[in-house]
Amino acid sequence: MRMSKMYLKTLREVPSEAEIPSHIWLLRAGMIRKLVSGVYGFMPLGRRVLNKIETIVREEMDSRGAQEILMSAIQPAELWQESGRWYAYGPEMWRLKDRNDRDFCLGPTHEEIFTDIVRNEVDSYRQLPLNLYQIQTKYRDEKRPRFGLMRSREFIMKDAYSFDRDWEGLDQSYQEMYDAYVRVFERCGLKFRAVEADTGAIGGSGSHEFCALSEYGESEIVYCDGCDMAATSERASCVDDPESSEPMEAIETVFTPGTKTIADVASYLKIPETKTIKALLFKVHDVEYKYVAAFLRGDRELNMTKLVNALNIPEHAIEFADEEEMGNETGAVGGFTGPVGLHDCKILVDSELVGARNLCAGACRVDHHMVNVNYQRDYTADIVTDLKQIKAGDPCPVCCEPVKIARGIEVGQVFKLGTKYSESMHAYYKDEKMLEHPIIMGCYGIGVTRTLAAIVEQHNDKDGIRWPMAVAPYHGIVTIVNTSDPVQVGLAETIYQGLKSAGIEVLLDDRDERPGVKFKDADLIGIPVRVTVGKQAANGIVEFKHRNWEKSEDRTADQAVAELIALVNEIR
Ligand code: ATP
Ligand code: MG
């Protein structure tokens, strides 16, 4: 491609909306353009990178027997009502009506649609196992679209769905997809970790997230060097402190004026925060109870995922309670709520509190706390479970070594769905004896556009993007220093044609621009190799520079061509 003809507009300034490197560089390199918040278009270079990633995904999926289809983004509400997710999915779902007032959504994911296809067409065990996938546009009206392609409202996902006759079959399908994902992300040049994940709104029995390591990632990964435990922090279970051997003391109400926080009351009573109980109060929608109180040790943080999982409600059905309103109905008192005396509210207690002794909790009375509060003797719960958020240094749930925490970008996730959709939507097959069984399903997603952003996040420097060869929009760029010098132009053309005929994707920077501008653009758009044709062209000498090298090196034109071909062959 001749750059004089290419549709490319690079930006010198950092766009004000962009906060993180991938967003900044993708905009500056003219790869993407924003239409509205969370909605982006791809310009020629960006489209090429997307094609490369999609090709890698297709190759890895196809080689494991998955078959590509393409379903529509528009989905009828009826299918979601059948599975029960029309309500459960919440406000992220982009809902619309047709002219006859019939409900539809723009698909945030496609479990229902694939299940529907398969239930209508698969009847016998002979048609299983089956793995269907698509690379398609998804819509999620995210609460906080941000970071460009990272969390957008329209994005491209590869989603695959496996259909097996039994659980062993699912285990095998799952493992194949897991292996495919490892290869996809390796080929994309990502440093990543596969970690155990929560199954969230999709439901099911087992899951892993693939997280590209990055300080800007929104996923928190907990891992252990003592063993191979690795999980998202939403998922990681916590180890409770051992049961206390202290004898129970008599419970007492004490005057603690103005001590509305854990820190206040701990310092007022001169006790450690580990000797206090923290209350978190919520209002819930569309269930038979209205209020929820969660109690944890004062030094702990609540893990919201664990809370909604324990309640078996979607996250959008719960919000922090208005304390005054809740107080009238339950006896809660802002800043002084404790488990003793609270009524008409579902009470969840973190498992650690069961073995703790003589704690201090709010007395449900203004300016008062209770001391020597003990589980069972003084209060009980509707649910006792692990509600805590794990922190760096906490004991590993597997081997008890202190855990570490890293941040990652969730680029893919694999789920064992089991029979969640096949039961609710009646996707059954008949076995050899003509007996009916629900199909055992799995689902597997890769955020294709988010992967593109994650690659930039891991491969950039002060000058721009450094695309790994496998996903680069072009493998090389031949830069003519002076386009009015026929010798330089002639040699550059020869190199350009030579590379093209060897199947190398190459740009020719034949623009009438200063060399500095050309070099800056080549670095900004991240082309892996630059061949510069300048003053030494008359002697057949060019400069060869890998995007990762500090300095360029002299080569003969033939050597430069051969070296670039060899580099490209490494990824073929
Ligand atoms: P997140 O927790 O980041 O919201 P998710 O767990 O809801 O993502 P999945 O339903 O597992 O996402 O979707 C599969 C993949 O699609 C994710 O692993 C991610 O790479 C990608 N993805 C999800 N939401 C977005 C988004 N808003 N923008 C870009 N990619 C996304
Ligand atoms: Mg996910």
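Trainee: How many Å separate an oxygen atom of ligand 1 from an N or O atom in the side chain of Glu 410?
Mentor: In this predicted model, the separation is 2.6 Å. That pair is a polar contact, defined as a pair of N or O atoms within 3.5 Å.

Trainee: What about the side chain of Arg 151?
Mentor: One of its N or O atoms lies 2.7 Å from an oxygen atom of ligand 1. For Arg 450, a polar side-chain atom is 3.0 Å from a ligand 1 oxygen atom.

Trainee: And what share of the accessible area of ligand 1 does the protein cover?
Mentor: The protein covers 84% of the 590 Å² that ligand 1 has on its own. Accessible areas come from the Shrake-Rupley method with a 1.4 Å probe.

Trainee: Which residues are closest to ligand 1?
Mentor: They are Arg 140, Glu 142, Arg 151, Ser 152 and Glu 410, out of 14 residues that surround the ligand. A residue is near a molecule if one of its heavy atoms lies within 4 Å of it.

Trainee: How does that shell divide by residue type?
Mentor: It holds 5 nonpolar, 4 polar and 5 charged residues. Here Ala, Val, Leu, Ile, Met, Phe, Trp, Tyr, Cys and Pro count as nonpolar, Asp, Glu, Lys and Arg as charged, and the others, Gly among them, as polar.

Trainee: Which strand gives the most to the shell?
Mentor: Strand β21 does, with 4 residues. Both β21 (404-418) and β8 (154-164) supply at least two residues each. Strands are DSSP runs of E with at least two residues, helices are runs of H or I with at least four, and both are numbered from the N terminus.

Trainee: Changing topic, what is the strand order in the sheet that includes β4?
Mentor: The order is β4-β6-β5, in an open, antiparallel sheet of 3 strands. Its edge strands are β4 (74-76) and β5 (94-97), each pairing on one side only. Two strands pair if DSSP finds at least two bridges between them.

Trainee: How many bridges join β4 to β6?
Mentor: There are 3, and β6 covers residues 103-106. Ile 74 has Leu 106 in β6 as its bridge partner.

Trainee: What about the whole chain: how many helices and strands are there?
Mentor: The protein chain has 14 helices and 31 strands. Of its 572 residues, 53% are buried, meaning under 20% relative accessible area with a 1.4 Å probe, protein chains only.

Trainee: Which conventions apply to the numbering and the model?
Mentor: Residues are numbered from 1 along each chain as its sequence is written, while chains are lettered from A and ligands numbered from 1 in the order in which they are written. Local features need pLDDT of at least 70, side-chain atom pairs count only at pLDDT 80 or more, and totals for chains, interfaces and linings use all residues, while side-chain values use heavy atoms, with hydrogens and water left out.

Technical notes. Polar contact = N/O pair within 3.5 Å; in protein donor to acceptor, adjacent residues only side chain to side chain. Buried < 20%, exposed > 50% of the residue type's maximum accessible area, 1.4 Å probe, protein only.
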